[in-house]
Amino acid sequence: MVPVGVVIATRDRVADLLPTLERLAALPERPPVVVVDNDSRDATAAAVRDAFPAVEVLELPVNLGAAARNLGACLLSTPIIAFNDDDSHWGPGALARAAAHFEARPRLGLLAGRVLVGDDEGLDPTCAEMAASPLRTLP
């Protein structure tokens, strides 16, 4: 399997981030994880370092928003990078399935995961919009 790394950008959401990191640590793929802290004021970086020493933490002096993910991606040496929100998670085996798609299709550049919401894991309406994208018809 091609290795997959995970990047999470966060700001002042340590209470959501720590359970997310716990779920990532339990995945069978054991991905390397980079957390990019967008100038948090809630001791996010220290909490992550204390609870998850294997997670690389990049502390930014300003909030770059989603662009902070790019800096996190630069710290990974994996050929595939998965972006993760600080309050979401990948299901067991999902990263391995994504890696298999990339291995089988060398021209593939992006995959969008199916987003399940809430305790009942209902499909997020955005998934239907992405599935109807005209990009699906390109070679």
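Author: Let's begin with the word pocket: on a 1 Å grid over the protein atoms alone, it is an open set of points where a 1.4 Å probe fits, with protein on both sides within 12 Å along at least five of seven lines, and its lining residues have an atom within 4 Å of a point. A volume is the space filled by probe spheres set on the points, which are joined across faces, edges and corners. This is a predicted model, where local features need pLDDT of at least 70 and side-chain atom pairs count only at pLDDT 80 or more, while totals for chains, interfaces and linings use all residues. Residues are numbered from 1 along each chain as its sequence is written, and side-chain values use heavy atoms, leaving out hydrogens and water.

Now for the second largest pocket, which holds about 160 Å³ of space. Its lining is made of Leu21, Leu24, Ala25, Arg30, Pro31, Val33, Phe52, Ala54 and Val55. Eight of these residues are nonpolar, none is polar and one is charged (Ala, Val, Leu, Ile, Met, Phe, Trp, Tyr, Cys and Pro count as nonpolar, Asp, Glu, Lys and Arg as charged, and the others, Gly among them, as polar).

Helices are DSSP runs of H or I with at least four residues, strands are runs of E with at least two, and both are numbered from the N terminus. Helix α1 covers residues 14-25, 12 residues in total, and reaches 16 Å from its first C-alpha to its last, close to the 16 Å expected at 1.5 Å a residue (that is, 1.5 Å times one less than its number of residues).

Which residues of α1 are buried? They are Val14, Leu17, Thr20, Leu21 and Leu24, where buried means under 20% relative accessible area, exposed over 50% and partly exposed in between, with a 1.4 Å probe and protein chains only. These residues lie on the same side of α1 because they cover an arc of only 120° around the axis, taken from the directions from the helix axis to the C-beta atoms. An α-helix has 3.6 residues a turn, so residues three or four places apart point the same way.

The face turned away from the buried side carries Ala15 and Glu22, which are exposed. Covering the buried residues of α1 are elements including β1 (4-10), β2 (33-38), α2 (44-51) and β4 (80-84), with contact meaning heavy atoms within 4.5 Å.
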